Amino acid sequence: MPSSPGAPRTHRQPLVIALAALCALVLVPVVVDRVVAARVESGTAEAFQEAMGTATRPEVHVRGIPVLTQVASGTLRHVDISAQDIPADEATRPLPVTELDLKLYDLRKSDDGSEARARSAEATARLSYTDVSNALGLVEVSQGDRPGRIRARIAMPFGDGITVTVKVSAVSGNRIAFEDFRVTNGVLPNAGQVLLDKLFEQPIQLRNIPDGLRLRSVTTTTNGLTARFSGTSVTFRPDDAAAAQG
């Protein structure tokens, strides 16, 4: 007896069910992993915001798939953090960080959750010329005529002021040094020489960088200074920051 027209549907039904089950087996772990990644990124952003005192939460991306196995092991292999407007607390001449991009490797929380530590890290900080100007007490700072130099227009207690170029460099203690100033416009009397020597003699320390990062270089750009860091055992302590703010 020939098969009825509805018979092929009966044969196809198990195949459809099997394909649906296979898709579920593939998609469910991916969805779960993405949910876990989102929670980890949110928690990391909150901890970073508390530790660094930023007004807004940074962008956080946990790299590598699956994230679930990284969480289970207690170590995140690679985390990227991008933050803005990091204040410079407890500094004599505060120099805020306009933008900070961090690459953290093997990030792990302490057993009591009081801190997070990365085995190693790299960072790039951008410092606006406006903030550099305010930190130095100058009228206006901009990019200099040569790489590694800034131009500063300085109001003097006598005359119309002068313009100088100054070499910037990284020195120990996460400090930016300002050396070898040269007058490019205006006349500098002896009193002005003394004033500028005093103005530039003390490097500015960056106090808003995670513990363990060391300043390696400072370069000049059109919009500001770019400071590059690297280090090991880079640590964030949200509890300490919260206590300091309280």
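Analyst: The discussion below takes up a sheet, a helix and some single residues. This is a predicted model, in which local features need pLDDT of at least 70, side-chain atom pairs count only at pLDDT 80 or more, and totals for chains, interfaces and linings use all residues. Residues are numbered from 1 along each chain as its sequence is written, and side-chain values use heavy atoms, with hydrogens and water left out.

User: In what order do the strands of the open sheet lie?

Analyst: Strands of a sheet pair through backbone hydrogen bonds, either parallel or antiparallel. Here the order is S5-S6-S7-S8-S9, with antiparallel pairing. Strands are DSSP runs of E with at least two residues, helices runs of H or I with at least four, numbered from the N terminus; two strands pair if DSSP finds at least two bridges between them.

User: Which strands stand at the edges?

Analyst: Strands S5 (140-143) and S9 (204-205) do; each has a single partner strand, so one side of each lacks a neighbour in the sheet. S9 is joined to S8 (residues 175-185) by 2 bridges, and Arg 175 has Gln 205 as its bridge partner in S9.

User: Is Gln 70 buried or exposed?

Analyst: Buried means under 20% relative accessible area, exposed over 50%, and partly exposed in between (1.4 Å probe, protein chains only). Gln 70, in helix H2 (residues 67-73), is buried because its relative accessibility is 1%.

User: How does Asp 180 compare with those classes?

Analyst: Asp 180 lies in strand S8 and is partly exposed, at 40% relative accessible area. Although Asp 180 is not a glycine, its phi is positive, about 55°.
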